[in-house]
Each structure stands twice: as structure tokens, then as C-alpha cells.
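Visitor: I would like to go through a structure with the definitions stated. Please set each term against its cut-off.

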Amino acid sequence: MPQFSSRQWLYRNPLAVSMVLMTAVAVSVLFFFLDSWASTVLVAGTIVVVLALLLINLDVEVSREGEVSARFWGIPAKRIGIAEVAAVEVRDYSPMRDFGGWGWRFGKGGKRAFTLYGSTAVVITTHDGEEIFLGVDHPGQMERVLTTLVK
């Protein structure tokens, strides 16, 4: 049982939802101008895939042993052992300016982000200077858990 666990869903990101809906509308409009069965199936398949993207999730956990893990759709993205952690803080940031958006992102100066929405993250600084931004629903709670483990 983890000490801390959080799950973010892409459908909670208003920008992502807007983009997906605009794509679905645009593809639906194309549906009316196509005259073949294959094109209709292609359009319907595209709409299903685009809507399914809203079900992407990010799981962030802190184990009892202090290992931090981030997974997108269950696929491991990052693991950080508590021995690697130099500092932990909750920080406001600009996902678009700092990383070009949300998701599994790389920024300047060794920064990495694992977020799906919002502009507040738990930032873990490792002993080698890497900063990892983790999007979680209760950043203060995760910060308290990690601070207790680091000391």
C-alpha cells in the first residue's frame, strides 16, 4: 500500500477537451462530404481514437520505502529513489511556457514534467540537479510525505 497516490485524467484538462471536441466536429463534418464506405469507417475510427485519448491517465505514487513512480496509462515513465532526492517543493509554473504543454515533457536545464492538467506541481530536485515536475491532485500532501522521508 503506497504512502501517497494520485491519479490525473486528461479529460480534466479544458484545453485538451476543447481540442478533442474541435477535432471530432471537424472530422464529423468531413463525414458528410465523403461518399465511400471506407471513408466513413475511417472518419468514425478517427473520432473513436480521438475521444479515447481523453482517457489517458497519470498515476503518481510514493511507496512505503520512499520510491516515487510516475506512470502514463500504466506504462512506467519515471522512478526516483528517495536517496536521489535533494529537495521537494510545491511550485506554480507555466506548462505551456516551461514545457510546451502537458504530458511527458522535457524542458530546459534538465527539467522534466509528468502532468496532465493544472499549473501547480510537486517539484523534486535530485542530487545531480535534475528537476522533476509531478502533477498530482494534492501536492501539499505529497510534499509532506516526501519531506518526512527525505529527513
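Guide: What follows is a set of questions on terms and values, with answers. The model is predicted, local features need pLDDT of at least 70, side-chain atom pairs count only at pLDDT 80 or more, and totals for chains, interfaces and linings use all residues. Residues are numbered from 1 along each chain as its sequence is written, and side-chain values use heavy atoms, with hydrogens and water left out.

Visitor: What makes up the fold, and how are helices and strands assigned?

Guide: Helices (H or I, at least four residues) and strands (E, at least two) are DSSP runs, numbered from the N terminus. On that basis the protein has four helices and nine strands. Their order from the N terminus is β-α-α-β-β-β-β-α-β-β-β-β-α.

Visitor: How does the radius of gyration compare with that of a compact globule?

Guide: The radius is taken over C-alpha atoms, and the globule rule is 2.2 Å times the number of residues to the power 0.38. For 151 residues a compact globule would come near 15 Å, but the protein has 19 Å. Along the principal axes, the C-alpha atoms fill a box of roughly 65 × 35 × 20 Å.

Visitor: Why is Lys78 called buried?

Guide: Buried means under 20% relative accessible area, exposed means over 50%, and partly exposed is in between (1.4 Å probe, protein chains only). Lys78 has a relative accessible area of 16%, so this residue is buried. Lys78 is placed in strand E4. Across the protein, buried residues make up 40% of the 151 residues.

Visitor: Which residues does Lys78 contact, leaving aside neighbours within four places in sequence?

Guide: Contact means heavy atoms within 4.5 Å. Lys78 is in contact with Val68, Ser69, Ala70, Arg112, Phe114, Glu130 and Ile132. Salt bridges that share partners also join Lys78, Arg112 and Glu130 into one network.

Visitor: What makes the pair Asp137 and Arg12 a salt bridge?

Guide: The term requires a side-chain nitrogen of Lys or Arg within 4 Å of a carboxyl oxygen of Asp or Glu. In this pair the closest N and O atoms are 3.6 Å apart, and the pair forms a salt bridge. Asp137 lies in the loop between E9 and H4 and Arg12 in the loop between strand E1 (4-9) and helix H1 (14-33), so the pair ties together parts that are 125 residues apart in sequence. Asp137 counts as partly exposed at 30% relative accessibility, and Arg12 counts as partly exposed at 45%.

Visitor: How many salt bridges does the structure hold?

Guide: The structure holds nine. One of them joins Glu61 and Arg71, with the closest N and O atoms 3.8 Å apart. Glu61 is in strand E2 and Arg71 in strand E3, 10 residues apart. Glu67 and Arg79 meet in another, at 3.2 Å from N to O. Here Glu67 sits in the loop between E2 and E3, while Arg79 is in strand E4, 12 residues apart.

Visitor: What makes a set of residues a nonpolar core, and which members of the largest one touch the most others?

Guide: A nonpolar core is a set of buried Ala, Val, Leu, Ile, Met, Phe, Trp, Tyr and Cys residues joined through side-chain atoms within 4.5 Å. The largest core has 25 residues, and Val68, Phe114, Ile124, Leu134, Met142 and Leu146 touch the most other members. Elements giving two or more residues to this core include E2, E3, strand E8 (120-126) and helix H4 (139-150). Apart from it lies another core of six residues, among them Ala113, Ala121, Val123 and Phe133.

Visitor: Why are Leu55 and Trp73 called partly exposed?

Guide: Leu55 has a relative accessible area of 48%, and therefore counts as partly exposed. Trp73 is likewise partly exposed, with a relative accessible area of 48%. Leu55 is found in the loop between helix H2 (37-52) and strand E2 (57-62). Trp73 lies in the loop between strand E3 (68-72) and strand E4 (75-80).

Visitor: What makes a nonpolar patch, and which residues form one here?

Guide: Patches are made of residues with over 30% relative accessible area and no salt bridge; like charges are joined within 9 Å, and nonpolar side chains (Val, Leu, Ile, Met, Phe, Trp, Tyr) within 5 Å. Tyr11, Val49, Leu53, Leu55, Trp73 and Ile75 form such a patch on the surface, with about 610 Å² of accessible area together. Accessible areas come from the Shrake-Rupley method with a 1.4 Å probe; for residues, only the protein chains shown count as cover.
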